[in-house]
Amino acid sequence: MPALQSNPGDNARAGSFDAVVVGAGFAGMYMLYRLRGLGFSVRVYEHGDDVGGTWYWNRYPGARCDVESMQYSYSFSDELQQEWDWSERYAPQPEILKYANHVADRFDLRRDIQFSTRVESAVFDERANRWSVTTSDGHTVTAQFVILATGCLSNARMPDIKGLSGFKGKVYHTGHWPHEPVDFTGQRVGVIGTGSSGIQSVPVIAEQADHLTVFQRTANFSIPARNLPLTDEERQAFRQNYREIRRFAREEARNGIYTDMPDRGALDDGGNERRERYEARWSRGGLTFMSVYNNLALDKAANDTAADFVRQKIAEIVEDPETARLLQPTSHPIGTKRICIDSDYYAAFNRPNVTLVDIKANPIEEIVPTGVRAGDKLYEVDALVLATGFDAMTGSVAKIDITGRQARTLNQKWAEGPRTYLGLMSNGFPNLFLITGPGSPSVLSNMIVSIEQHVDWIAHCAAYMREHGCETMEANRDAEDTWVAHVNDVAHGTLYPQANSWYMGANIPGKPRIFMPYIGGVGQYRQICNDVAAKGYEGFTMTAAERSKKAAVS
Ligand code: NAP
């Protein structure tokens with residue numbers, strides 16, 4: 001029986017809620033906290049058997065956040081941010097999961113979360129102006145609001161490789177890692193995929209495995225994390241300045257991360273000075289490498305200077321020149337695929353037990369029971385790790401059968417790519433909110449900053465509707481069209497669309513190629529959302545209870 005320790009009111013006991021929230025990751029947990037604080041009845045459904053979302057599923061060796069832990073944390077409770085001790089500059093996955101559990105306990109969230117339960121469908125009833133939500137345990141509840149806190153990187157993608165099901169060893173996907181320990185000692189392991197997950201797991205698996213073969217289709221840029229234990233002084237420095245750090249991350253930073261803002265372009269400096277700046281950032285480590293200059297995402301010549309610097313670093317670290325050459329990315333401008341943050345990734349290829357296989361030049365032909373065949377050669381392995389990524393941003397939403405007005409499904413509407421107003425709502429689907437949906441900064445930002453902004457906005461909006469006697473809210477078609485065009489225009493003013501990235505849906509065969517996240521920056525985006533709310537939710541239509549009933553009846 002799915003766990004639920006709820007103490008619902010009469011309506012909730014009868015299966016009727018103000019809001020159903022899908023997912024109990026960082027977004028779902030905070031949404032529950034906010035709505036509950038406003039007196040709404042809420043039921044959260046979570047497929048996993050505990051909280052944590054992406055950090056619940058991604059337990060692969062070496063998994064850790066690429067945003068610094070003091071910043072990858074909730075800001076809504078000062079007590080929480082003052083009392084929680086992060087142990088390292090970048091928190092490892094088990095610690096982030098522990099933090100998620102701490103939050104769930106501290107704010108008594110579990111009593112409204114039903115675990116081990118998938119939301120299968122949500123159907124909007126135009127007469128009642130309510131959603132009917134059916135779950136994997138066969139129950140149906142109704143709610144005024146449905147809020148999708150389903151995560152951008154939750155839908156692990158199994159690659160379609162011939163023979164995979166016939167492999168006789170164990171197959172693991174990084175995004176769906178087992179809960180029990182996996183021990184590769186004495187084994188020959190193959191890792192397919194060299195995005196963030198592969199790049200984090202390779203050095204750790206290499207230490208354990210007898211032999212590790214890394215199958216690389218596209219080389220990626222990776223910057224050293226320079227992870228270290230945090231000292232008390234470092235934690236204190238953050239805690240004392242949290243007010244300003246959080247303000248800056250929300251309002252001024254493009255990516256929701258407190259850091260120095262670049263004041264010049266890469267070509268404004270001479271070669272020596274530029275190199276010094278890149279060296280300083282490389283030594284500091286982490287995502288801020290890309291904010292050393294203000295035009296790396298805009299100007300190819302500027303971008304080339306950073307890309308060349310990293311390629312040179314790879315050549316210096318990797319001893320075998322041919323392996324170094326293969327590891328040097330050439331297919332896309334640096335940063336246009338999510339930049340990776342690693343701990344000794346390139347150095348791992350100097351180990352005698354690690355081999356790199358170029359599957360761009362020699363594609364995988366098939367997986368046979370004993371290994372992987374590529375370029376007419378058999379690489380024998382005992383276990384396979386698929387670090388092949390996710391059906392990002394829309395994949396988890398698409399798995400739910402969502403039917404809006406006039407029996408139209410969201411999957412039908414989004415067949416040519418996701419369409420939203422502000423990444424928050426989609427026309428034809430009243431009272432259905434997305435947290436960090438396509439069309440919002442989401443994956444281009446510190447996710448927790450973006451999650452908190454969306455949750456606060458949705459919570460205010462729900463309270464506003466209650467106060468004004470409104471029953472439904474819906475994105476207007478023209479506002480949505482204008483927003484989609486704007487998201488597109490901003491993206492095409494940058495180098496991002498030049499990469500075959502999951503931002504573009506390019507990793508999923510047949511998925512429409514559309515740049516999904518909003519690249520305008522979290523500060524600017526927050527301002528737009530605030531302005532929309534201040535103008536009485538401009539671009540949305542809210543319908544008062546009586547009016548909407550009449551409209552539905554007539
Ligand atoms: P990813 O970036 O999509 O990388 C998937 C890798 O698998 C790519 O190298 C891809 O090659 C390869 N691949 C996919 N299908 C393949 C096939 N059929 N045959 C051979 N190779 C195949 O996925 P990810 O590494 O899981 O990362 C996804 C995102 O999750 C990251 O970009 C990041 O935003 C997030 N993440 C964050 C962290 C963190 O915070 N530290 C850690 C992990 C993930 P191609 O490039 O050629 O398609």
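**Exercise 1. Strand pairing around β12**

In which sense do strand β9 and β12 pair, and over how many bridges?

*Solution.* The structure is a predicted model, in which local features need pLDDT of at least 70 and side-chain atom pairs count only at pLDDT 80 or more, while totals for chains, interfaces and linings use all residues. Residues are numbered from 1 along each chain as its sequence is written, and side-chain values use heavy atoms, with hydrogens and water left out. Helices (H or I, at least four residues) and strands (E, at least two) are DSSP runs, numbered from the N terminus, and two strands pair if DSSP finds at least two bridges between them. Strand β9, residues 211–216, pairs with β12 in the parallel sense over 5 bridges. Within this pairing, T213 is found opposite T355 of β12. Strand β12 covers residues 354–358 and is largely enclosed by the rest of the structure, because 4 of its 5 residues are buried, where buried means under 20% relative accessible area, exposed over 50% and partly exposed in between, with a 1.4 Å probe and protein chains only.

**Exercise 2. The sheet of β13, β14 and β15**

Determine the strand order of the open sheet that contains β13, and identify which strands stand at its edges.

*Solution.* The open sheet has 3 strands in the order β13-β14-β15, and their pairing is antiparallel. The edge positions belong to β13 (364–368) and β15 (377–380), each of which has a single partner strand, so one side of each is left without a neighbour in the sheet. From one strand to the next, the twist averages 20°. Taking the pairs in turn, β13 and β14 run antiparallel and are joined by 4 bridges, with I364 opposite A374 in β14, and a hairpin of 2 residues connects β13 to β14. Strand β14, residues 371–374, likewise pairs with β15 in the antiparallel sense over 4 bridges, and V372 has Y379 in β15 as its bridge partner.

**Exercise 3. Helix α9 against helix α10**

Describe how α9 and α10 are oriented, and list the residues through which they meet.

*Solution.* Two packed helices are described by the angle between their axes and the distance between the axes. Axes are lines fitted to C-alpha atoms, for helices over the stretch in contact, and angles run from 0 to 180 degrees between N-to-C directions. The axes of α9 (residues 271–284) and α10 (residues 300–317) come within 11 Å and cross at roughly 60°. That makes α9 oblique to α10, since angles under 35 degrees count as roughly parallel, over 145 as roughly antiparallel, 65 to 115 as roughly perpendicular and the rest as oblique. Contact means heavy atoms within 4.5 Å; from α9, R274, R275, Y278, E279 and W282 meet A302, T305, A306, F309, V310, Q312, K313, E316 and I317 of α10.

**Exercise 4. Helix α15 against helix α17**

Classify the orientation of α15 relative to α17.

*Solution.* The axes of α15 (residues 447–467) and α17 (residues 522–534) come within 11 Å and cross at roughly 0°. Helices α15 and α17 are therefore roughly parallel to each other.
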